[in-house]
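Good morning, and thank you for coming. Please look at the sequence and the structure as I speak.

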Amino acid sequence: MTLENVTIINAPDRLDHEGENGASPPLGCVRVAYAAKSAGANEYFIDGQHYPTVREVMSKLPEKTQIAGISYNMGSIDQTVALIKGIFDSGIEKILVGGQAVIPTAENFVKSFADSRIIACSGDGEPAIQGLVLGKSLEDIPNLVYFEDGQVRRTPAELTDYEDLNFEGQVNGFDWQSYFEYTQRFFGHNRASAYFTDGCPNRMGEDELSGCSFCTRRRTGSIRSVTPEQAYNHLKFLKEQGAEQININDDTFFASPGLLKGLAEQFEKKGELGLGLHVYARVSELTPQRLDLAQRIGVKSALVGIESGNSHIRKANGKPISDERILEAGRLCKERGISYDGAFIIGMIGETPQTAKDTVSLIRKLAQEGISQNSYADRFIPLPGCLGYHLIQQKLPSNPVLKQKYGNQFTRWDYDWSVLADAQLELNTSITREQAFNNLEEIRKINEASGVKPIIA
Ligand code: SF4
């Protein structure tokens, strides 16, 4: 039996880390809603960021909904629990929970409900939702973790081909204008977002925990990308919707070797779009050749994960880049009018009071030399799936006091992220909570002195 009425919900997030909640749509959710539509469903999308309470989100749920798809992150776990309960009580037949947060904890998640109606998506959501819409047996649908006959079952993984994705399809309940209302407030212009490439070269190693020590990005073993023509057409589509600037949310905009070059060729052939682009990048990727191309297509800023001001800490945490390279990449960006925004973390594995100070010093140096005026900084939050989390799990059994204090947070899907952050400081560093916050406060002041909006979690 097909289940045609599908509502995809982005759970309300109360964290608002960067003060920009509501400005950025969850593109993965929108794509899953579109995939449901392609399979013949009557789709509806609700972005919980735009509603103050779970009750209000529930009030928007179309009455005939048969499948509810929910995506959540570390800041919306409580709301997700409330949503699942509310949706259950309304008699919906299936709840598919997906997104980055549930993937590493899918088995615990499913076990905690022990109900065959609650299913976790352990990979790409598109084939999973389509299988449910078409009424296939769960065992025949890829990327699922579900509960049946007292056991947790897992189906094989299947990757979606990015070239088959349709980004322009209209989805009921989704409208760029509702996001521009927020971006006008935060940025003073219409800003949309796009996602062209999935995967990061740092996460391609065989080792399950290779890459940055805090990274929880799913490992697919591949870098998937849309074609340059698709990317160009999508940027053009967003411009037609009224966008003036675009955040490109790829893990790193430079991961797909052909995309940047191909996009520059598209611009040359089909014309400039006059959009400002904001991208993520790795320091090692910022070469003169790549930055020339980036400048040509309108890249205005690159957010780069520098993470620490201490080279040993960077190396120990999967970022083996030298101080010289960090400064050189910044200067190359500056020469081309591209803002070089560093992202830093206080409380990296092995952090000491001195290495945390090194981070503050590097941020100050970047600001004083006019290389980077805006630094993002946060505490290390060891989420399931990252090296920091794994190390804490290994250390807890031999420390009864800390096991008592933190143990139950490291076995559950509905953890409290702030407790995980405290555990990181206590088990993986030699700095205190107070020292961590003092360093973050110093970074905030450096940003403030540079005259930019301080963005500190
Ligand atoms: S944090 Fe970014 S650069 Fe590091 S492994 Fe993850 S996606 Fe790659």
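This is a predicted model: local features need pLDDT of at least 70, side-chain atom pairs count only at pLDDT 80 or more; totals for chains, interfaces and linings use all residues.

The secondary structure of this chain comes to 16 helices and 15 strands. Helices (H or I, at least four residues) and strands (E, at least two) are DSSP runs, numbered from the N terminus. The radius of gyration is 22 Å, close to the 23 Å that the globule rule gives for 457 residues, so the chain is as compact as a globular protein of that length. That radius is taken over C-alpha atoms, and the globule rule is 2.2 Å times the number of residues to the power 0.38.

Residues are numbered from 1 along each chain as its sequence is written, and side-chain values use heavy atoms, with hydrogens and water left out.

Let us stay with the whole chain for a moment. Taken along the principal axes, the C-alpha atoms fill a box of roughly 65 × 65 × 40 Å. How much of the chain is buried? Of the 457 residues, 55% are buried, where buried means under 20% relative accessible area, exposed means over 50%, and partly exposed lies in between (1.4 Å probe, protein chains only). Among the contacts with a separation of 6 or more, 75% are between residues 24 or more positions apart; a contact means heavy atoms within 4.5 Å.

The chain exposes about 19400 Å², and carbon and sulfur atoms supply 47% of that area. Such areas come from the Shrake-Rupley method with a 1.4 Å probe; for residues, only the protein chains shown count as cover. There are 48 positive and 59 negative charges, and their mean positions are 3 Å apart. Lys and Arg count as positive and Asp and Glu as negative, while His and the chain ends are not counted; each charge is placed at NZ of Lys, CZ of Arg, CG of Asp or CD of Glu.

In helix H13, residues 387-395, the buried residues include Gly388, Tyr389, Leu391 and Ile392. Seen down the axis of H13, its buried residues fall within an arc of 165 degrees, so they line one face of the helix. The arc is that of the directions from the helix axis to the C-beta atoms. These buried residues of H13 pack against helix H15, residues 417-428.

Helix H5, residues 125-133, is mostly covered, with eight of its nine residues buried. Among them are Glu126, Ile129 and Leu132. What do the buried residues of H5 pack against? Their partners are strand S1 (5-10), helix H1 (27-38), S3, strand S4 (94-98), strand S5 (118-121) and S6. After H5 comes Gly135, which has a positive phi near 75 degrees.

Several of these partners can be examined through single residues. Leu144 belongs to strand S6, residues 144-148, and is buried at a relative accessible area of 0%. Leaving aside neighbours within four places in sequence, Leu144 is in contact with residues including Ala128, Leu96 and Ile119. Val30 is found in helix H1 and counts as buried at 12% relative accessibility. The C-alpha atoms of Val30 and Gln170 are separated by 9.4 Å, although the two are 140 residues apart along the chain. Beyond residues up to four places away in sequence, Val30 touches Phe45, Val171 and Phe174. Ser76 is found in the loop between strand S3 (67-71) and helix H3 (77-89), and this serine is buried at 0% relative accessibility.

Is Asp149 buried or exposed? Asp149 is exposed, with a relative accessible area of 66%, and is placed in the loop between S6 and strand S7 (151-154). Its phi is about 50 degrees, although Asp149 is not a glycine. Glu307, also not a glycine, has a positive phi of about 75 degrees. Glu307 lies in strand S13 and is buried, with a relative accessible area of 4%. Strand S13, residues 299-307, also holds Gly305, which counts as buried at 13% relative accessibility.
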